[in-house]
Amino acid sequence: MSVKIGGIVGAIAILLSSGAAFAESVGAAMPEDAQRYITVGHDKSGNSIALDTKSIKGTTYKLYGMYGDGIFETTFDASCTESRLFLNHIAIYSSEGQLIQEDKDKGEIPFVADSSPGKGMQFVCEKIGAHGW
């Protein structure tokens, strides 16, 4: 499994650091194949934080960002009708795709529209046609 994850980590890391395949904002038009990762924010170093549109299952979605030489993967659940957001899982992978750290603590986090998780939630809620989005 690490070979598969390693390839994914490498591809995501290249995209996050270069920004070449990302839209500047949620909902921007992009070529069909480039729509998998959409920039929803930036970290303090200016690296992109990306929403993986192909991982969306209902209102569950994943964000990816740079973490040292590797990446982090954060999984969220959105309650669109209540404008509530829940953190489900955080994983940190090395550049080779090895899982370095994992946190499975779950809990509600504040919904902040301008944050990366908030922009991801907006995308997901709009995608499913939730009322008010």
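How much of the accessible surface of the protein belongs to carbon and sulfur atoms? The answer is 52%, out of a total of about 7400 Å². Keep in mind that this is a predicted model.

Now the fold. The protein has 2 helices and 7 strands. Along the sequence they run α-β-β-β-β-β-β-β-α. The chain has 133 residues, and 42% of them count as buried. Take the contacts with a separation of 6 or more: 35% of those join residues 24 or more positions apart.

On to the inside. In soluble globular proteins, nonpolar side chains tend to be buried together. Here, the largest nonpolar core holds 19 residues. Tyr61, Leu63 and Ala78 touch the most other members. Which elements give two or more residues to this core? They are β1 (37-42), β2 (48-52), β3 (60-67), β4, β5 (84-93) and α2 (116-127). The largest share comes from α2, with 4 residues. There is also a second, separate core of 7 residues, with Ala50, Met66, Ile71 and Tyr93 among them.

Let's stay with Tyr61. Setting aside neighbours within four places in sequence, Tyr61 contacts a list of residues including Leu51, Ile56, Phe76, Ala78 and Leu85. Pro117, Gly120, Met121 and Val124 are also among its contacts.

Is Thr74 buried or exposed? Thr74 is buried, because its relative accessible area is 9%, and the cut-off for buried is under 20%. Beyond residues up to four places away in sequence, Thr74 touches Tyr61, Lys62, Leu63, Leu87, His89 and Ile90.

Note on methods: Residues are numbered from 1 along each chain as its sequence is written. This is a predicted model: local features need pLDDT of at least 70, side-chain atom pairs count only at pLDDT 80 or more; totals for chains, interfaces and linings use all residues. Side-chain values use heavy atoms; hydrogens and water are left out. Buried means under 20% relative accessible area, exposed over 50%, partly exposed in between (1.4 Å probe, protein chains only). Contact means heavy atoms within 4.5 Å. Accessible areas come from the Shrake-Rupley method with a 1.4 Å probe; for residues, only the protein chains shown count as cover. A nonpolar core is a set of buried Ala, Val, Leu, Ile, Met, Phe, Trp, Tyr and Cys residues joined through side-chain atoms within 4.5 Å.
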